[in-house]
Amino acid sequence: MTLSTHTDLGLRRPGAFHGTERIVKEETDNFDDDMHSDENGPVEIGEGLQSVALIDNRTLRRESLRRSLVSQRVSWVVAAYGSLEEWRASEDLHPPLAAIVFHLGAQKATEAADQIKKLVTDAGSLPVIILADSDDIVQIVNALEYGVSGYIPSSVSIEVCAEAINLAIAGGVYVPASSVFAIRQTITSDTSRNGRLAELFTPRQIKVADAIRQGKPNKIIAYELNMCESTVKVHIRNIMQKLKATNRTEIAYKVRDLFPSDTA
């Protein structure tokens, strides 16, 4: 993987990192007493080793996650800091960067949208992975739209977390299995709803029924659908007959489950 040398992240240019001579004592905890572990046991830190920056403003949570990742004998150094600025000030103490893990905690991705977008822009070709408490599908989709290479909910195991970071470093994108199932269920549900609507109403009647569901008066419906108000009334009568409804309120009640929710 080609590492970015984007200056906003203060990344070192090729050849700028020379072994461990610049690693101060307070940073060696990341390396297991100046040693790093792989599947074959401890190996000395040398050329070719990469690091993952873990950004988390909660000290206990950050340190716990760092130690947990190290316990997985990952092939990269975990450099944990309270902010991106702290990491930038100390990045030359670590091997070249391979990925950034940004821990949102209870904060939603939509609430941290500007931070995430800027981090993704600054990172260039480096993968940015979001770690958050929420596994809400809306937040996951939004985070992916912001350009991240993975979204790890805190409900997953540390083994899955480590593998998700490895996947992002390798060029993949990680999303939790639960979100994939949720997307599938949403698509299936939407398809089923669309099928029922098509069986009941004509395309024009579907639009009128949806407008009634939203509480719009006939004049507004006529204006938005570019039809005469008398035509709207005809559509409403036909909808009432098909639903065996006696008024607009009953129409709105009976079609409420046939249309997707308006809430995010």
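**Exercise 1.** At what angle do helix α1 and helix α5 pack?

*Solution.* The model is predicted: local features need pLDDT of at least 70, side-chain atom pairs count only at pLDDT 80 or more, and totals for chains, interfaces and linings use all residues. Residues are numbered from 1 along each chain as its sequence is written, and side-chain values use heavy atoms, with hydrogens and water left out.

Step 1. Helices are DSSP runs (H or I, at least four residues) and strands likewise (E, at least two), numbered from the N terminus. Axes are lines fitted to C-alpha atoms, for helices over the stretch in contact, with angles from 0 to 180 degrees between N-to-C directions.

Step 2. Helix α1 (residues 59-71) packs against helix α5 (residues 158-169) at about 80 degrees, the axes being 10 Å apart. The two helices are therefore roughly perpendicular (65 to 115 degrees).

Step 3. Contact (heavy atoms within 4.5 Å) joins Leu-65, Ser-68 and Leu-69 of α1 to Ile-158, Cys-161, Ala-162 and Ile-165 of α5.

Step 4. These residues divide into 6 nonpolar, 1 polar and no charged. Ala, Val, Leu, Ile, Met, Phe, Trp, Tyr, Cys and Pro count as nonpolar, Asp, Glu, Lys and Arg as charged, and the others, Gly among them, as polar.

**Exercise 2.** Describe how α7 meets α10.

*Solution.* Step 1. The axes of α7 (residues 203-213) and α10 (residues 248-255) come within 8 Å and cross at roughly 105 degrees. This makes α7 roughly perpendicular to α10.

Step 2. From α7, Ala-209, Ile-212 and Arg-213 meet Arg-248, Ile-251, Ala-252 and Val-255 in α10. The contact comprises 5 nonpolar, no polar and 2 charged residues.

**Exercise 3.** State the mean pLDDT of the protein, and where pLDDT stays under 50.

*Solution.* Step 1. The mean pLDDT (the predictor's confidence in each residue, from 0 to 100) is 77, and 73% of residues reach 70 or more.

Step 2. Over residues 1-44, pLDDT stays under 50.

Notes
Angles under 35 degrees count as roughly parallel, over 145 as roughly antiparallel, 65 to 115 as roughly perpendicular and the rest as oblique.
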